[in-house]
Amino acid sequence: MTPQQVYLATMPLRPGHFRVLVTCGLGQVIGTALATVVGIVIPLMQIVGRPELSATMQGVVGCANLAGIAAGASVLGRVADRHGYLAVFMACPALILAAALVSVFVPSLPVLIACLFAMGFCIGGEYSLDSGYTSELMPQRWRSTMVGIVKASCALGNILAAGLCYGVLSGGLAPQHWPKLMWIVAAVAAAMLVSRIGFVQSPQWLLEHGRNAEAQNAVKSLFGSDVRIIQSAVPSSAADAADASESTPAFIRRNFSKVVLCGIPWACEGLGVYGIGVFLPVLVASLGLEHFAAGAPPVEHIATSVRITLWISFIILPGFLLGLFMLRRAGKIPLQSWGFFLSCASLAALLISFELRWDSWITIGAFMAFELFLNMGPHLVTFVLPASIFPVYDRARGAGIAACLGKVGAVLGVFFMPLLLHAGGMRCVLIVSAAVMLTGGLVTAIVGPGQTQNAASGRSQRQ
């Protein structure tokens with residue numbers, strides 16, 4: 001007896017959906033895990049460096065992987081749209097693993113910078129594809145939630161890396177053995193690669209290229225022999241606009257408002273997630289939150305900062321969970337804009353606490369409030385938004401350009417963070433960071449409503 005057919009857009013969740021969730025989520029885990037490890041490697045290199053790393057060189061090391069992400073998100077998103085998602089999806093973890101192993105076994109500053117850029121380039125490809133794969137493979141009613149959960153998994157990267165690094169440092173790791181921390185990144189990359197064995201080409205990409213039988217086989221491979229996928233009708237004018245030979249500047253002109261909405265707030269969020277996140281152990285020390293015995297060795301100072309970093313990192317996951325709870329109730333644009341505004345307010349409270357020398361737990365609480373609101377709103381929604389704004393024929397490229405702009409903001413934030421700290425101390429860092437959060441909120445609130453209405457109108461016309 002032939003089983004009754006079900007359709008991908010309306011079917012209930014099955015084990016295959018959770019495989020997609022884990023597979024794509026690992027791509028987010030590795031991005032934040034690498035950033036966390038780099039933030040701990042930098043002060044360790046400071047200890048053993050002769051001479052010590054300058055503020056500029058700290059910025060170069062800190063932003064090397066982010067520069068790679070910006071380049072990879074733009075380049076690999078376009079490659080995936082033209083040639084299919086699967087090859088890029090498989091190549092990225094393999095190349096990350098190779099670069100991580102090189103950084104372990106060839107420990108030098110130039111090699112580390114080159115490997116960080118290479119790993120970041122591949123992580124940029126992940127950021128282009130993870131949301132697209134998740135969005136198209138999930139049932140309609142679960143789509144935004146599942147894309148949000150994939151993004152929320154990056155919180156596990158912060159916690160995993162900070163926890164393992166603290167354990168290793170507490171266990172007596174000598175500062176000159178900092179390359180061993182890159183084993184954390186190598187292990188996550190290996191898990192990513194294993195999870196993708198037997199994965200499938202993007203069914204929507206196959207449909208868009210007229211390979212209907214392969215698309216049906218792809219969804220059956222993941223979800224069962226009774227599952228079918230239906231291609232959405234694409235207006236011919238849109239298909240013409242999605243010409244694969246279209247240049248990036250032309251693509252941006254055609255989608256200018258979408259790129260502004262998805263890219264500029266992502267760039268502002270990048271300063272908070274990476275500019276502050278990468279140097280979180282250094283900023284914790286600058287805020288005077290450490291408590292250690294007089295005459296303690298420098299590596300103990302770093303371990304103490306990493307422990308406080310771990311405490312602060314634990315609030316990231318609740319922030320994402322709160323955002324997921326509010327996403328469908330509040331809407332993407334209000335959630336992102338208010339997340340930015342509340343992050344700005346938290347940084348203002350942190351500045352006041354620092355200036356007035358309030359109790360350290362008040363300062364830590366303000367820092368945790370910043371992380372809560374940042375991850376509840378901007379860090380979650382900037383990842384979800386491109387998949388809901390860009391149509392499928394532009395999705396990987398649109399998400400890639402948005403991620404590229406986001407990482408340009410992150411690169412600038414990470415590069416200038418030690419320079420700001422050196423020039424004006426924590427007061428300068430907090431004032432600039434608060435201003436950037438305010439900018440992200442204003443852009444979202446002004447540009448967002450019109451674009452989400454246009455996207456909803458386009459979906460209703462296709463239905």
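A patch, as the word is used in this tour, is made of residues with over 30% relative accessible area and no salt bridge, like charges being joined within 9 Å and nonpolar side chains (Val, Leu, Ile, Met, Phe, Trp, Tyr) within 5 Å. The accessible areas come from the Shrake-Rupley method with a 1.4 Å probe, and for residues only the protein chains shown count as cover. A salt bridge is a side-chain nitrogen of Lys or Arg within 4 Å of a carboxyl oxygen of Asp or Glu.

The model on screen is predicted, so that local features need pLDDT of at least 70 and side-chain atom pairs count only at pLDDT 80 or more, while totals for chains, interfaces and linings use all residues. Residues are numbered from 1 along each chain as its sequence is written, and side-chain values use heavy atoms, with hydrogens and water left out.

**The surface patch**

Begin by selecting Val102, Phe105, Val106 and Trp183, which together make a nonpolar surface patch of about 390 Å². Trp183 belongs to helix H7, residues 182-195, where helices (H or I, at least four residues) and strands (E, at least two) are DSSP runs numbered from the N terminus. Trp183 has a relative accessible area of 41% and is therefore partly exposed, given that buried means under 20%, exposed over 50%, and partly exposed in between (1.4 Å probe, protein chains only).

**Helices H2 and H4**

Next, select helix H2 (residues 55-83) together with helix H4 (residues 109-137), whose axes come within 6 Å and cross at roughly 35°. Axes here are lines fitted to C-alpha atoms, for helices over the stretch in contact, and angles run from 0 to 180 degrees between N-to-C directions. The crossing of H2 past H4 is right-handed; a crossing has this hand if the near helix is turned clockwise from the far one by less than a right angle, and is left-handed if anticlockwise. Sorted by class, the contact between H2 and H4 has 21 nonpolar residues, eight polar ones and no charged ones. In this sorting Ala, Val, Leu, Ile, Met, Phe, Trp, Tyr, Cys and Pro count as nonpolar, Asp, Glu, Lys and Arg as charged, and the others, Gly among them, as polar.

While H2 is selected, pick out Val60, which is placed in this helix and counts as partly exposed at 27% relative accessibility. Val60 is 356 residues from Phe416 in sequence, yet their C-alpha atoms are 9.5 Å apart in space.

**Salt bridges**

Side chains of opposite charge can pair when their charged atoms come close. The count of salt bridges in this model comes to four, and the tour visits several of them in turn.

Select Arg14 and Asp226, whose side chains meet in a salt bridge at 2.9 Å, N to O. Arg14 sits in the loop between strand S1 (6-7) and helix H1 (15-48), and Asp226 in the loop between helix H9 (212-223) and strand S2 (227-228), so that the pair links distant parts of the chain, 212 residues apart. Asp226 is buried, its relative accessible area being 14%.

Move on to Arg196 and Glu126, which form a salt bridge of 2.6 Å, N to O, through their side chains. Because Arg196 lies in the loop between H7 and helix H8 (203-208) and Glu126 in helix H4, the pair ties together parts that are 70 residues apart in sequence. Arg196 is buried with a relative accessible area of 0%, and Glu126 is likewise buried, at 0%.

Then select Glu355 and Arg427, whose side chains meet in a salt bridge at 2.6 Å, N to O. This pair links Glu355 in helix H16 (residues 332-355) with Arg427 in helix H19 (residues 395-462), 72 residues apart. Glu355 counts as partly exposed at 31% relative accessibility, and Arg427 is partly exposed with 42%. The C-alpha atom of Arg427 is also separated by 8.2 Å from that of Phe354, 73 residues away along the chain.

From H16, step to Arg357 in the loop between H16 and helix H17 (360-376). Arg357 has a positive phi of about 55° although it is not a glycine, and at 62% relative accessibility Arg357 counts as exposed.

Return to the loop between H7 and H8 and select Ser202, which is buried with a relative accessible area of 1%. The C-alpha atoms of Ser202 and Glu136 are separated by 8.2 Å, although the two residues are 66 residues apart along the chain.

Finish at Thr309 in helix H14 (residues 298-313), a residue that is buried at 6% relative accessible area. Thr309 and Ile159 are 150 residues apart in sequence and 9.1 Å apart in space, C-alpha to C-alpha.
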